[in-house]
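Visitor: Please take one part of this model and go through it closely. I would like to know what surrounds it.

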Amino acid sequence: MLISIIIPAFSRRRKLELAARSAADQVGIAKKDIEIIIVDDASPVPLAPPNGVENARVIRLAKNVGAAGARNAGVSASSGEFIAFLDSDDSWRPKKLVSQLRLAERCARSHDISRTAFANAFYMPDRLAGDLEIRIPREASAIRDFVGGCWMC
């Protein structure tokens, strides 16, 4: 089973390296079962795969299309049975993917999940107070609604 991790990026070379490493260092999933697709959204200086990050490749777009367009380009280039999105300025905890895969496996025992999207909440600092606030994706029954929120993690 292959998991495609799509990382849209515009510049941010240093933060991108941290994001890609957090994707590559997932616990409980074999390295061969992860492909990391970095979509360079026409950065002024072309991006390269971070050194030492296995199974990572860069797809460079000729013109800037924004995060959603870059994610779509990554999906088109992916080969995985599952697709996970990671922003270039974010990072994952080591057991994130294995936890989500277990949930998908439990759901698959009783439902057809071929057209299912799983989303999870995350914490983000409040810009004024600095306190952590939980961000919970809104409910969506159509894929258009699901991917419409920029704050989706």
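Guide: What follows is a close look at the sheet and the elements around it. The model is predicted.

Start with the sheet. It is open and has four strands, in the order β3-β2-β1-β4, with parallel pairing. β3 (56–60) and β4 (82–85) form the edges, and each of them pairs on one side only. Neighbouring strands are turned by 25 degrees against each other on average, direction ignored.

Now the pair β1 and β2. Residues 3–9 make up β1, and residues 34–40 make up β2. Seven bridges join these two strands in the parallel sense. Within the pairing, P8 stands opposite V39 in β2.

Next, the helices. α1 covers residues 13–24, twelve residues in total. From first C-alpha to last, α1 reaches 16 Å, close to the 16 Å expected at 1.5 Å a residue. Its buried residues are L16, A19, A20, S22, A23 and A24. These buried residues of α1 pack against β1 and β2. Helix α2 (residues 66–77) lies across β1, β2, β3 and β4. Its direction is at about 150 degrees to β1.

Finish with S78, in the loop between α2 and β4. Why does S78 count as buried? Its relative accessible area is 18%, and the cut-off for buried is under 20%. A polar atom of the S78 side chain lies 2.7 Å from the backbone oxygen of V75. Leaving aside neighbours within four places in sequence, S78 is in contact with S4, I6, E35, I37 and I83.

Note on methods
Residues are numbered from 1 along each chain as its sequence is written. This is a predicted model: local features need pLDDT of at least 70, side-chain atom pairs count only at pLDDT 80 or more; totals for chains, interfaces and linings use all residues. Side-chain values use heavy atoms; hydrogens and water are left out. Two strands pair if DSSP finds at least two bridges between them. Axes are lines fitted to C-alpha atoms, for helices over the stretch in contact, and angles run from 0 to 180 degrees between N-to-C directions. Contact means heavy atoms within 4.5 Å. The expected span of a helix is 1.5 Å times one less than its number of residues. Buried means under 20% relative accessible area, exposed over 50%, partly exposed in between (1.4 Å probe, protein chains only). A polar contact is a pair of N or O atoms within 3.5 Å; within protein, one must be able to donate a hydrogen and the other to accept it, and residues adjacent in sequence count only if both atoms are side-chain atoms.
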